[in-house]
Amino acid sequence: MQPISLPDHPAKPVTGFHLDPKTLFLLGAATISMLAALYAALLYAPTERVQGAVQRIFYFHVPLAWTSYLAFFVVMVAGIGYLWKGTPFWDALGRASAEVGLLLTTMMLLTGSLWARPIWGTWWSWDARLTTTLLLWFIYVGYLMLRSSVDDERKAARYAAVIGIVGALDIPIIHQSVVWWRSLHPESVVLASGGPAMPQSMQLALLISLVAFTILYAVLVTLRLRIERLRQDIRLLRRRALERMA
Amino acid sequence: MPHAQGRTPFLVTVRALVWRDLLAEYRSREVLGGGTVFALLTLVVFNFAIDLRLENAAEVAPGILWIGFAFAGMLSFGRSFANERERGTLDGLLLAPIDRGAIYLARAITNTILMGVVELVSLPVFVALYNVRAAWGELLLTTALGTIGFTGAGTLVAAIAANTRAREIMLPLLLLPLTVPVLIASVKATAEALGARAAEPLPWLQLLAGFDVIVVAASFLVFEYILDE
């Protein structure tokens, strides 16, 4: 019997926990930048006069928000890529980014809630941005549940791509509708007109944290993507083996 | 999409498909009968869940109305593709040399008509039961715009959900978060039509119209990827 040939795409099977240099580099960069972000957020940045130490959650909350939206943007791009090219890479990318995005969104909602309790005096308020984010969370929970409730892999990939695209297109409309509905969230202090309304040391801490979280997102997606690609390989090999036996 | 020689014109196809769906509904009367009774029942049951008084009726009642419409709509969207599957007629439809977009558009139009009939029956009952005064022109316009948006997205999601294992769960799970703008805008504009102290109705109606255009266009474009077997 001939050996079964491996599929010809980059995710080569490996034994044990073995990473290629690029992933290793990303992992190192994530570790260093995350340590720097922790230092900047907890020690370097000055304590806010009114809110006190609680304000430091801002240096995690804002980067989490940014990476969440980035993740779901990538899901949309992957969806378009999949419908256009039909290659399994795009599907794996969409799935990886949606899972990581859901994790980041959950953390964003939790950190926001922790901050809101002492500052607003409530865990939750039906403010525009909070509501949009909560609905975003539900859309991608649905996205992942949809994937796992379709047996045919290629159908699951196509449906997921469609929901990924429609969901992302819907976010601005959802946001607009809940803004008109009500808004209470603190006005953007970074993108305020006439420059950011905070001292430079705070801006620097936020910037470091943004970079760190973006790298973290890239690392998580890369690792998740590898797992997904290996799973696709296994499925392909199993199918070939079955064909051979038949 | 390149059109093959001798293909039936697009609009003729859509009209034939709508006629076919309406005829099937006329013979079974599953959706209209069930949907109308369900919508009316929602109006009655919510009356027990929420304490409605004369002074807050115009602000609270629109929410109840649209919950009823949304649930009745989701029931009928789910039915429409389940029926095709049970009778095996979807395969025949897919084998026919017609544009996939036409199938989407026809199904969305049928769903809108069916939901519209349910709403036309429910609205007078709603106005009577909740003792509200309605500006009918505004109310009907809001209902029409809201219904188009809801069925536009609902038809797409129902086609997806019909192929999943837990389809009764997947349809509302995917559809409700996506259609939140429709629900908010419809409720607000309806409240205005009932004379509540809400904001102006115009921005809400514009939002509804914008949503309708975007969701129908996007669904129309991606529908062929869903029906491809």
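This is a predicted model: local features need pLDDT of at least 70, side-chain atom pairs count only at pLDDT 80 or more; totals for chains, interfaces and linings use all residues.
# A guided tour of chains A and B

**Chain A as a whole.** Select chain A and colour it by secondary structure. The chain contains 6 helices and 0 strands, and from the N terminus on its elements run α-α-α-α-α-α. Of its 246 residues, 35% count as buried.

**Phe89(A).** Next, select Phe89(A), which lies in helix H3 (residues 88–120) of chain A. Phe89(A) and Gln55(A) are 34 residues apart along the chain, and 40 Å separates their C-alpha atoms.

**Where the two chains touch.** Display both chains and turn to the contact between them. Chain A contributes 26 residues to the contact, and chain B contributes 22 residues. On the side of chain A that touches chain B, the elements giving two or more residues are helix H4 (128–148) and helix H5 (153–181) of chain A. Which of them gives the most? That is H5(A), with 17 residues. Colouring this side of chain A by residue class shows 18 nonpolar, 5 polar and 3 charged residues.

**Chain B as a whole.** Along its principal axes, the C-alpha trace of chain B spans about 60 × 35 × 30 Å. Buried residues account for 45% of the 229 residues in chain B. Among the contacts in chain B with a separation of 6 or more, 85% are between residues 24 or more positions apart.

**Asn56(B).** Centre the view on Asn56(B), found in the loop between helix H2 (30–49) and helix H3 (57–87) of chain B. Asn56(B) counts as exposed, because it has 12 C-beta neighbours inside 10 Å. Although Asn56(B) and Ala196(B) are 140 residues apart along the chain, their C-alpha atoms are separated by 8.4 Å.

**A pair of helices in chain B.** Select helix H6 (residues 136–161) and helix H7 (residues 167–178) of chain B. At what angle do H6(B) and H7(B) pack? The angle is about 150°, and the axes are 9 Å apart. The crossing of H6(B) and H7(B) is right-handed. To see the contact, show the side chains of Ala153(B), Gly154(B), Val157(B), Ala158(B) and Ala161(B) in H6(B), which meet Arg167(B), Met170(B), Leu171(B), Leu174(B), Leu175(B) and Leu178(B) in H7(B). By class, this contact of H6(B) with H7(B) comprises 9 nonpolar, 1 polar and 1 charged residues.

**The nonpolar core.** Finish at Val157(B). Leaving aside residues up to four places away in sequence, Val157(B) touches Leu171(B), Leu174(B) and Leu175(B). The largest nonpolar core has 121 residues, and those touching the most other members are Val162(A), Val157(B), Leu171(B) and Leu174(B). Selecting these four together ends the tour.

Conventions: Residues are numbered from 1 along each chain as its sequence is written. Chains are lettered from A and ligands numbered from 1 in the order in which they are written. A nonpolar core is a set of buried Ala, Val, Leu, Ile, Met, Phe, Trp, Tyr and Cys residues joined through C-beta atoms within 7 Å. A residue is buried if 20 or more other C-beta atoms lie within 10 Å of its own, exposed if 12 or fewer, and partly exposed in between; C-beta atoms are placed from the backbone. Two residues are in contact if their C-beta atoms, placed from the backbone, lie within 7 Å. Helices (H or I, at least four residues) and strands (E, at least two) are DSSP runs, numbered from the N terminus. Ala, Val, Leu, Ile, Met, Phe, Trp, Tyr, Cys and Pro count as nonpolar, Asp, Glu, Lys and Arg as charged, and the others, Gly among them, as polar. Axes are lines fitted to C-alpha atoms, for helices over the stretch in contact, and angles run from 0 to 180 degrees between N-to-C directions. A crossing is left-handed if the near helix is turned anticlockwise from the far one by less than a right angle, and right-handed if clockwise.
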